[in-house]
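Try each task before reading its solution.

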Amino acid sequence: MKLVDFERATLFAPRGEILLNIASGRNAPLHAPPSVHYTIVFNTFVLMQIFNEINARKIHGERNVFEGIFKNTIFCVILLGTLLAQVTWEGWQQWLICACLGLGSLLWGQVVSSIPSCGCPKVIKPATRAEK
């Protein structure tokens with residue numbers, strides 16, 4: 001789990017009920033049914049993780065994260081299964097908002113990969129193989 005994804009999901013939590021005109025789940029009694037508000041927050045967080053899995057396929061400055069995505073059948077099945085498990089029937093508009101917020105993770109990955117590594121401070125040492 002990336003801290004950035006968690007922060008984006010929690011930024012949406014405080015005012016999400018106002019933006020989407022839904023009831024808040026705050027201060028609900030113990031064992032109350034789940035609120036639509038927190039369902040949307042959780043759904044957004046999981047969709048960010050799904051898009052982050054796509055980002056994690058390419059490293060070392062490679063930009064096209066979709067290149068060869070269909071060659072790995074197991075990856076596609078797991079991705080599709082996770083996506084289908086996240087479909088909530090609260091309303092397609094709310095689910096579409098969650099998907100758009102989740103897409104932010106994919107866009108953020110492109111921004112991060114645009115930053116040259118030569119700008120890193122010299123204090124940070126690159127990862128190397130452990131010596132025997």
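A nonpolar core is a set of buried Ala, Val, Leu, Ile, Met, Phe, Trp, Tyr and Cys residues joined through side-chain atoms within 4.5 Å. Buried means under 20% relative accessible area, with a 1.4 Å probe and protein chains only. This is a predicted model: local features need pLDDT of at least 70, side-chain atom pairs count only at pLDDT 80 or more, and totals for chains, interfaces and linings use all residues. Residues are numbered from 1 along each chain as its sequence is written, and side-chain values use heavy atoms, without hydrogens and water.

**Exercise 1.** Find which residues touch the most other members of the largest nonpolar core.

*Solution.* Start with the membership: the core has 16 residues. Ile-40, Leu-47, Ile-50, Ile-54, Phe-75, Leu-79 and Leu-106 touch the most other members. Next, assign elements, where helices are DSSP runs (H or I, at least four residues) numbered from the N terminus. Helix 2, helix 3 and helix 4 each give two or more residues. Helix 2 gives the most, seven.

**Exercise 2.** List what Phe-75 touches, not counting residues up to four places away in sequence.

*Solution.* Apply the contact cut-off, heavy atoms within 4.5 Å. The partners are Glu-53, Ile-54, Arg-57 and Ile-69.

**Exercise 3.** Locate the salt bridge and classify Lys-58 as buried or exposed.

*Solution.* Search for a side-chain nitrogen of Lys or Arg within 4 Å of a carboxyl oxygen of Asp or Glu. Glu-67 and Lys-58 form it, at 3.9 Å, N to O. Now check accessibility: Lys-58 has a relative accessible area of 18%, so it is buried.

How values were computed. Buried means under 20% relative accessible area, exposed over 50%, partly exposed in between (1.4 Å probe, protein chains only).
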